[in-house]
Structure formats: structure tokens, C-alpha cells
Amino acid sequence: MSRIKTIWIFVALAILMLSFFVADLITGSADISPVKVLSILFGQEEESIHSYIIFRLRLPRALAALFIGAGLSVSGVLMQSLFRNPLAGPYVLGVSSGASLMVALMVMLGGTGLSFLLFSGFGLALTAIVGALAVMFLVLFIAIRVHDSVSLLIIGIMIAGLTSSIVGIIQYFTSPELLQNYIVWTFGSLTAVEIGDLYFLIPVVSIGLIWSLSIQKSLNILLLGDNNAQLLGVNLKRIRYAIILITGLVAGVITAFAGPIAFIGVAVPHLVRNLFKTNNHFVVISGSIFTGASLLLACDIISQLPGTNIALPINSVTSLIGAPIIIWIIVKNKRLYASNF
Amino acid sequence: MTEQNNILTTNDLQIGYQGKVLCSSINLRLQPAKMVALMGVNGSGKSTLMRTLTGLAKALKGSIEIEGKEIQKYSREDLSRLLAVVLTDHINAPEMTVKELVGYGRYPHTGWFGRLRLEDLQRIDEALALVGMTEFKTRHLYTLSDGELQRSLIARAIAQETKLIFLDEPASHLDIPNKAMIINLLKQLTEDQGKTIIYSSHDLGMVKKYADIIWLFDESGNLQEITFQQGVESGLFERTFGEGYQSA
């Protein structure tokens, strides 16, 4: 693909992302006209219930969608590159399971008098981060001992299985009322992200994105396999630790604030590689930032069910859209996939 | 020639994996611009020796020197400017083009961002021309035949501009014309560009025609440095490969 064509696709994606961002601000149960939304945004309106809705509810939600979409997609790229597996996504290392386990534990403890933590969203997020990071460090510790990526992948999936079974046991012994809190968390939610959370979420995701771009040269060489990468000068250990740290932090923090959001991380890297017809990581990572952000913003708009007063759980919408995308790409490129995976 | 002229030296080297010793007391002295065929029956240690000499596997004992400096004293990055390796590993990158693949050979010479400069693009074109793959430049890897892919991988190693090139069975699954073409190309690299080539092979006919030196894992598992003539006359080939080796 020519450089000019690549640049045009980037321009188109940036415009798309911006349009969805504005559209997401316009969408919601309260009826606020697009013109009014813009004038509120540009500070031309006095404080009102509408400006409260825009600044306190919709802007945090749209910003969360933007950064979470970008962060999950880039984490997906990193995982697919590390494991050279098209099905890998941000959660294969088990970070979301670690977060889920901690959240489930908190919900259960909520029944034993520690419920004050549950009432503070940040408290719940903090425990989820502890869970995600604990699993990340466990995987990192194992990665020091296990040298091949396939074993690491299997171990990651096993850790995820292990934590989910513990979650299952906890669920079994939890009262239905408390259980509902946990179930709601697993639906994923962008509205749960408050403006204060963004001060934490945005810097972490941004650092992850910049860090990912900084290792793109090594990621490209990793396409040739672990041995070839080493022989072309890549410090395999260093790059693997960097990938685990970035994904653990980004996916862990995202899960903590918004719950486990499915499919975006797996689908977007495929979509981007297919769009740009390249495996070059500078293009794939940058493209995934714009595409991931756009797609999650679009999912958020759909989940608001414009024109109605109800909202769907974001996780169901991302799966409804993400799964057909993967199927479509695979069917479209069946020869490509058959010969390579 | 003095010791310093050797491009590759091993001293009392012992190779193996997970504590299992495959071969001991390997003392090699290799001068530049030679074509070395690494031979032996399956499981004798060819791949392990190659992995050890390229720094992918640790030596159980002894030392390896490249240009007079111990291999552990080089960083992975420095080593990638000294030796290129063509492995049989599968490359899982459906969208990669031949030019991109060969371009990865330039990575040890590029900066932090990995951007290819004009000089790098020239080296890529030269390497592609050498292996006769210029017109395949924009093709995706999955559209190539085995022979074309192997030639592209060799072009990648050439583009890496190293003095040493290791190849793990470079012609094993190729047809006769492609096999001859590849081995001939490697020979040319030693003669025209002074590169030192070490490749593993089971093909005695090709080895006879092109290899300057043979490193042979003999029937008792020792590594012998011989010429083809010596292999035949001493009966080493017969003892290693069995009586019917000539018809193979």
C-alpha cells in the first residue's frame, strides 16, 4: 500500500473518531440538541442541568470510550504479536480474571460488613487493580522461568480458568442480592467511569500507548518468530516483560474502571491489519488507537439506544459488533488465514 | 594463517540440552570465506551445534569465539551485525511482503525507530537481485513457493551484511533446480563477497561439489573436520551413513 493511501486512511479514521466522539456527546436519554451541546462545550452556556449532564456524565463517558477503545485495541495488538496467535486479546494473560476475582471477593465481603468499599466506585476499582496487577506479576514471574511464548499463553489461560472457578465458588455462596452487584460489573460499563477516575485512567492508557509505539521496531521483528527476533538483535526477555507490563497495566486498569469489555481488543487489530494491508506495527498500533476508539464510541452510541430511555450493557454491544467483524474478516481472507494460521 | 585470522573458533566446546551431552571436545578453527557443510545423521547434534554457535543455546562447557572475542561478550545486537541465520522456523505474518521480509535484515543497522534509509533500500534491492527475486518484491509471503520463500529468506540474511551466515538445511524441501540454485548462490557469496557460510545438509552430492570443509558428526558422536575426499577415503562416510551412502 502506498504511503499516501496510508496517510489518507489515517486522516479518515481521525475524522471518524472525532465525529463519533461528538455524536456520543449528543446521544443520551436527556434531549439536548447538537448545537446546544457544542455551545456548552465551547463555554458559551451558563451552568445548567444540561451543562452538568454534558460535563459530568457524557464527556467522561465519551473520553472513557475513546481511551478504553484505544487501550484495549493496542493491548490486543501486543498480545497477538507476543503469542503470534490471532485469537489472543488483552485478557489472555488473566488480568481481567484477577480483577474479577477481587471484585467478586469484595462483593462477598460486602455481605460481611465491608460494604463501605463497594459504595465508593474508586474503592472497587482499586481492589480490581490490585487483582489485575497481582495476576500480571504472577505471569511476569512465570515468564522469567518459562522461555517460550506458547507455554506462557497456556499458563495465562490456566490462571484465568483457575480464578474464574474461584469466582464461581464465591458466587455459589453469595446471596442473590449481592451477586447482582457482581453480575452488573461483568456487563461492563462506561457510565461507571467518573470524571475523577479519568485522572488515573487517561495517563495510564496514554503511557501504555506511547510505550507500545516505542517498541514497534522490536514488535516487527518478533513477527519472524522468537529465534529470528533474537538473531536480529532483539532482547527477547526485555521485550516480553515490556509487553506483559503494558498489557497488564492498561487492560488491568481499564477492567478495574469499566469492567471486562469483550471483543474490541481481539477484533480491532484484525480490522486494522485488513484495512492497511500491513503487519508493520507502527501502522497497526497507530491505526488501532483510532479504530479502537471509534469502534467503542460507536458501540457506546448504539448501547444508548438513541430515541429511547433504555441503555444496553456495553459488553453485549461490543460482542454483537466485534464477533461478526472477526467472522467477516476471516471469511473474506480465508486463503490468507488458511495458509498462515 | 595465525589464530587471529580465524573468524570462528571453539575451544573444548561441549554441546547439548537440558543436561544431556550431545558432543564434547569440539575444537574448531574456521578461516573466513569458506563454505562449511555440517553433516551427520538425524539427532546427531547439527541443529544444537548451530544453535550454540549462533548464541541461541548455551554451551555446556568450553568457549566460542567470533573474530577472537568470546560470544557471550557480544550483545545480541552486536551479534546480529556479525552473523545472520536462516532458520526453518515458520513465519506467521500473512500480510508481509518479500520486500518487508528482506528489509528486516536491515534492522540491526537501523536506528531506534527502524526507519529504512536510502542505503538500506539499496542493500535490499541488491540482495533481492542476487537471489533473483527482484520481481517478487511486492508479493505477499503466502503467495510464494517453498523455493521462492527460501530465496527470500537468504536475501534477508544477505541484506543483514554479516561476515558469517548460518543456514539450517537450506535446501531440504526444495526440488533439484532450486536446490542447485540455492547452493550455487551460497558458494558465490563465499567467492565474490568473502562471506563464511555454514550450512547443514544431508545431500552428499551437493556437499562434494560445493563445500570447502565438512564438519561431520561421526558414528561415535564426535565432530570431525574433513574434506569430502578424506570422508570417502578414510571410510568415515561409510561408517557414519552406512554402506549405501553413495547411492543416497
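Before the points, a word on the ground rules. This is a predicted model, in which local features need pLDDT of at least 70 and side-chain atom pairs count only at pLDDT 80 or more, while totals for chains, interfaces and linings use all residues. Residues are numbered from 1 along each chain as its sequence is written, chains are lettered from A and ligands numbered from 1 in the order in which they are written, and side-chain values use heavy atoms, with hydrogens and water left out.

1. Two or more of the lining residues come from each of helix H4 (95–114), helix H7 (149–172) and helix H8 (176–186) of chain A; helices here are DSSP runs (H or I, at least four residues) and strands are E runs of at least two, numbered from the N terminus. By class the lining has 5 nonpolar, 2 polar and no charged residues, where Ala, Val, Leu, Ile, Met, Phe, Trp, Tyr, Cys and Pro count as nonpolar, Asp, Glu, Lys and Arg as charged, and the others, Gly among them, as polar.

2. Next, a pair of helices in chain A. H1 (residues 3–26) and H2 (residues 34–41) pack at an angle of about 105°, with their axes 9 Å apart; axes are lines fitted to C-alpha atoms, for helices over the stretch in contact, and angles run from 0 to 180 degrees between N-to-C directions. H1(A) and H2(A) are therefore roughly perpendicular, a label for angles of 65 to 115 degrees. A:Val22, A:Leu25 and A:Ile26 of H1(A) meet A:Pro34, A:Val37, A:Leu38 and A:Leu41 of H2(A), with contact meaning heavy atoms within 4.5 Å. These residues divide into 7 nonpolar, no polar and no charged.

3. Not counting residues up to four places away in sequence, A:Ile243 touches A:Leu78, A:Met79, A:Leu82, A:Ile215, A:Leu219 and A:Leu222.

4. A:Leu209 sits in helix H9 (residues 195–214) of chain A and is buried at 10%. Leaving aside neighbours within four places in sequence, A:Leu209 is in contact with A:Ala70, A:Gly71, A:Val74 and A:Ile289.

5. Over in chain B, B:Ser200 belongs to strand S9 (residues 196–200) and counts as buried at 1% relative accessibility. The C-alpha atoms of B:Ser200 and B:Leu167 are 6.6 Å apart, although 33 residues separate them in sequence.

6. Finally, the backbone. Most residues other than glycine have a negative phi. Phi of A:Phe263 is near 75°, a positive value; A:Phe263 lies in the loop between helix H12 (236–258) and helix H13 (264–276) of chain A and is partly exposed at 32%. Phi of B:Glu67 is near 50°, also positive.

Note on methods: Buried means under 20% relative accessible area, exposed over 50%, partly exposed in between (1.4 Å probe, protein chains only). Angles under 35 degrees count as roughly parallel, over 145 as roughly antiparallel, 65 to 115 as roughly perpendicular and the rest as oblique.
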